Amino acid sequence: MVSGVTGGKLVLGVLGLRLVALAGVALLVAYLPRLARHCGVDPAAALWLGVLNPLVPLHLVAGAHNEAVMVGLLVAGLSLAFEHRYGTATVVVTLAALVKVPARVGQHRNAGAAPDRARRDG
């Protein structure tokens with residue numbers, strides 16, 4: 001996608017990949033504290049360990065990989081699942097799995113959460 005938009009220009013392509021990675025990191029910044037709160041973890045500590053550590057810019061942003069997008073979408077989807085927004089969560093986690101297959105693990109969490117909740121409430 002980035003290559004098609006930049007017309008094969010190397011510098012623009014590298015900058016485009018960094019922007020896509022930063023979008024994934026932005027998702028982490030927005031949703032990681034919410035997910036931490038749902039799991040009983042200090043949101044500040046989760047943000048520090050998950051986003052503000054030196055490995056994030058070195059691996060997720062500087063590398064020409066798409067893990068940042070996958071992780072950002074996965075964290076957003078899991079956070080939405082904890083907020084009982086199962087339809088939206090399933091769509092977001094599926095988008096993460098379309099980026100990279102390991103995110104499919106999140107789909108198993110979402111698939112099991114809705115029936116468990118219905119059984120407890122019903």
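Visitor: At what angle do H2 and H5 pack, and how far apart are their axes?
Guide: H2 and H5 pack at about 30 degrees with their axes 7 Å apart. Axes are lines fitted to C-alpha atoms, for helices over the stretch in contact, and angles run from 0 to 180 degrees between N-to-C directions. That makes H2 roughly parallel to H5; angles under 35 degrees count as roughly parallel, over 145 as roughly antiparallel, 65 to 115 as roughly perpendicular and the rest as oblique.

Visitor: Which residues make that contact?
Guide: On the H2 side they include Val-20, Gly-24, Leu-28, Tyr-31 and His-38, and on the H5 side Ala-68, Gly-72, Val-75, Ser-79 and Phe-82 are among them. Contact means heavy atoms within 4.5 Å.

Visitor: Before going on, what sort of model is this?
Guide: This is a predicted model: local features need pLDDT of at least 70, side-chain atom pairs count only at pLDDT 80 or more, and totals for chains, interfaces and linings use all residues. Residues are numbered from 1 along each chain as its sequence is written, and side-chain values use heavy atoms, with hydrogens and water left out.

Visitor: How many helices and strands does the protein have?
Guide: There are 7 helices and 0 strands. Helices (H or I, at least four residues) and strands (E, at least two) are DSSP runs, numbered from the N terminus.

Visitor: How much of the protein is buried?
Guide: Buried residues are 36% of the 122 in the protein. Buried means under 20% relative accessible area, exposed over 50% and partly exposed in between, using a 1.4 Å probe and protein chains only.

Visitor: Back to H2. What span should its 29 residues have?
Guide: H2 covers residues 10-38 and should span 42 Å at 1.5 Å a residue; its end C-alpha atoms are 42 Å apart, which agrees. The expected span is 1.5 Å times one less than the number of residues.

Visitor: Where does H2 bend?
Guide: H2 bends by about 35 degrees at Tyr-31, with Pro-33 following within four residues. The bend is the angle between axes fitted to the seven residues ending at a residue and the seven starting there.

Visitor: Which helices do the buried residues of H2 pack against?
Guide: Those are H1 (2-6), H3 (43-50), H4 (55-61) and H5 (67-82). Gly-13, Ala-21, Tyr-31 and Pro-33 are among the buried residues of H2.

Visitor: What about Ser-79, buried or exposed?
Guide: Ser-79 counts as buried, at 0% relative accessibility. Ser-79 lies in H5 and touches Tyr-31, Arg-34, Leu-35 and His-38, not counting residues up to four places away in sequence.

Visitor: And Ser-3, buried or exposed?
Guide: Ser-3 has 51% relative accessibility and counts as exposed. Ser-3 is in H1, and its C-alpha atom is 9.2 Å from that of Val-14, 11 residues apart along the chain.

Visitor: Next pair. How do H5 and H6 cross?
Guide: The axes of H5 and H6 (residues 86-99) come within 8 Å and cross at roughly 165 degrees. H5 and H6 are therefore roughly antiparallel.

Visitor: What is the phi of His-84?
Guide: The phi of His-84 is near 65 degrees, a positive value in a residue other than glycine. Most residues other than glycine have a negative phi. His-84 sits in the loop between H5 and H6 and is partly exposed, with a relative accessible area of 40%.
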